[in-house]
Amino acid sequence: MSKNFDTRKIHGGYQPKDFNYSATVPIFQNVAFDLDDTRRADKAVRGELPGAFMYSRVANPTVDVFEKRINELDGGVGAVAVASGMAAITYAILNIAEGGGRIIAPLDIYGAALDEFRTLFPKYNINFDFVESINDFDEVNKLIKPDTKAIYAESVSNPITNIADVSALAKLAHANKIPLIIDNTFPTPYLFNPIKYGADVVVYSSTKGIGGYGNVVSGVVVDGGNFDWTKEKFPQFFEDEITLKKPGRKDISFAGVFGKKAFIQRLRTKYLRLMGAVLSPFSAYLDLLGLETISERIGKEVATSLKIAYFLDENEHVERVFHNGLLNTNQKELVKKYYPKGIGTVFSFKLKGTQTNVEKLLNSVKIFTYLPNVGDNRSLIVNPSGITHREVPKEERKSQNISDTLIRLSIGLEDPNDLIQDLNQAINKAFEG
Ligand SMILES: *Cc1c(COP(=O)(O)O)cnc(C)c1O
C-alpha cells in the first residue's frame with residue numbers, strides 16, 4: 001500500500017516488531033553492538049548481514065529510523081543523518097568534488113555556506129562560480145567548464161525567499177552530466193520534494209523546520225539515486241574500495257557494489273565513518289518527534305506568515321516585503337508549480353528609515369525572540385546584515401537585497417493576531433519621536 005505523507009511522517013522507516021514492539025522509536029544510546037560469535041562477526045564486517053549494526057558512528061538504530069523516514073518523505077534511495085546542516089552540505093560537496101573542481105552556486109545562500117564556499121573549499125581546490133540568480137540559465141550555462149562538478153542552490157533562499165526553478169536546473173545540469181544539489185531546509189519535505197523535480201542530492205539543516213522545536217542541531221543528506229556518475233569526472237565511485245572486498249566479488253567499487261545507491265553509501269563509508277560528524281541517537285529521537293507534527297506545524301506557520309506578510313505590506317513604515325508566497329510576486333509561476341502548500345515560514349521585510357529604527361524595533365518586540373535561527377515553534381526575528389549575513393561582503397549583500405534595514409522573520413505557532421500586534425507596537429516604537 002502506498003502511503004500518503006502524513007502516514008509516512010508517523011510510521012516511515014519503523015517496524016515495532018523489530019524493536020520489542022515498542023510503539024514509539026526507542027533511543028539506542030549504546031556505542032557498539034555485540035558481534036555474538038566469530039562467524040557472525042566475519043559476516044558482519046564483510047557487509048553480509050544487511051541491517052546489522054556494529055558501531056554507532058557508522059550507523060545506529062534510532063538514527064537509522066530517522067534517516068529512513070526522511071528518505072521516505074523525500075522519495076530518495078537512501079539518506080545519511082549528520083551532526084548539523086553544515087556537515088550535510090560539507091559531506092555532500094566533498095563526496096562529489098573531492099580532489100578539486102568547480103561548483104556553480106548563487107550568492108543568496110545561507111551565510112555560513114557562502115563563507116565555506118568562498119573561503120574554505122578553495123583551500124581544498126574546490127572553487128565556486130557564483131551567480132546573482134540561479135535561475136539565470138544562460139549565465140549558469142556559460143559558467144559550466146570541463147571541471148565543473150555540480151550545481152548547488154537553495155530551493156527557497158534565505159532571507160529573500162527566491163525560488164529556484166529546480167526542474168529547469170536539473171535539466172541543465174544533466175545535459176552537462178553534472179548533478180544538482182538542493183538545500184531544501186526552508187521548505188522541508190512537507191512543502192517540497194526536490195528529487196521529484198530532478199534534484200540528485202538534497203541536503204537539510206534539520207535543525208530548522210524538521211526538528212521544529214529549536215532544541216536539536218542536525219543535518220541530513222538524501223540521495224535521489226538517479227544520477228549517472230561517470231568515471232571521468234567522478235572516479236571516486238569507480239575506484240577499488242577495500243572495505244567492499246569479499247571473496248568472489250570482482251568489482252569492489254561503490255558504483256559496482258551499490259549501483260543507484262553509490263553516492264549515499266560512499267558518503268556514509270568515507271565521510272561519516274572517517275570524518276565522524278555523527279548525529280547522536282537522542283538528537284535523532286528529537287528530530288523524529290519533530291517530524292510527527294511537521295505538517296500541522298508548518299501548515300499553521302505558513303498561514304500565519306502570509307497574514308503577517310500582508311499586514312507588513314500595508315504598513316507605512318515598510319518599504320518592501322520579500323515573501324514570494326505573496327500574490328504580487330514575480331515568481332508566481334514557480335510558486336504555483338512547486339509550492340501549492342506555501343513556500344515556508346521564513347521571510348523578510350525592508351524597513352523605511354535607518355539602522356537606528358531597526359535597532360529600536362528589535363529592542364521593542366515582546367513575543368518575537370531576537371536570535372539567528374529559523375524554523376522554531378517560537379517566532380523569531382533577526383537583522384541579517386548584522387548577524388546571519390555578517391560575513392557576506394557589503395557589496396554582495398546589496399546586490400542580494402540584504403540591506404542594513406532588512407529584517408528577517410521566522411514564524412512560529414503563536415496566535416497570529418498577537419504576532420501582528422507585537423510587530424505593530426514594535427514598528428510604532430521604532431518610529432516614535
Ligand atoms: C541553518 C541552515 C544551514 C546550516 O545548518 P546547521 O544545522 O546550523 O549547521 C544550512 N542551510 C540553511 C538554508 C540553513 O537555514
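Lys 68 is partly exposed, with a relative accessible area of 42%, a class lying between buried (under 20%) and exposed (over 50%), as computed with a 1.4 Å probe on protein chains only. Asp 64, at 18% relative accessibility, counts as buried. The two residues form a salt bridge in which the closest N and O atoms are 2.8 Å apart; the term denotes a side-chain nitrogen of Lys or Arg within 4 Å of a carboxyl oxygen of Asp or Glu. Both residues belong to helix α3 (residues 61-74), where they are 4 residues apart, about one turn of the helix. Helices (H or I, at least four residues) and strands (E, at least two) are DSSP runs, numbered from the N terminus.

The model is predicted, with local features requiring pLDDT of at least 70 and side-chain atom pairs counted only at pLDDT 80 or more, whereas totals for chains, interfaces and linings use all residues. Residues are numbered from 1 along each chain as its sequence is written, and side-chain values use heavy atoms, with hydrogens and water left out.

Across the whole structure, 13 salt bridges are found. One of them pairs Lys 270 with Glu 241, at 3.0 Å between the closest N and O atoms. Lys 270 lies in helix α10 (residues 262-275) and Glu 241 in the loop between β7 (219-223) and α9 (254-258), so this pair ties together parts 29 residues apart in sequence. Glu 241 is buried, at 6% relative accessible area, while Lys 270 is partly exposed, at 23%.

A further salt bridge joins the side chains of Lys 394 and Asp 404 (3.0 Å, N to O).
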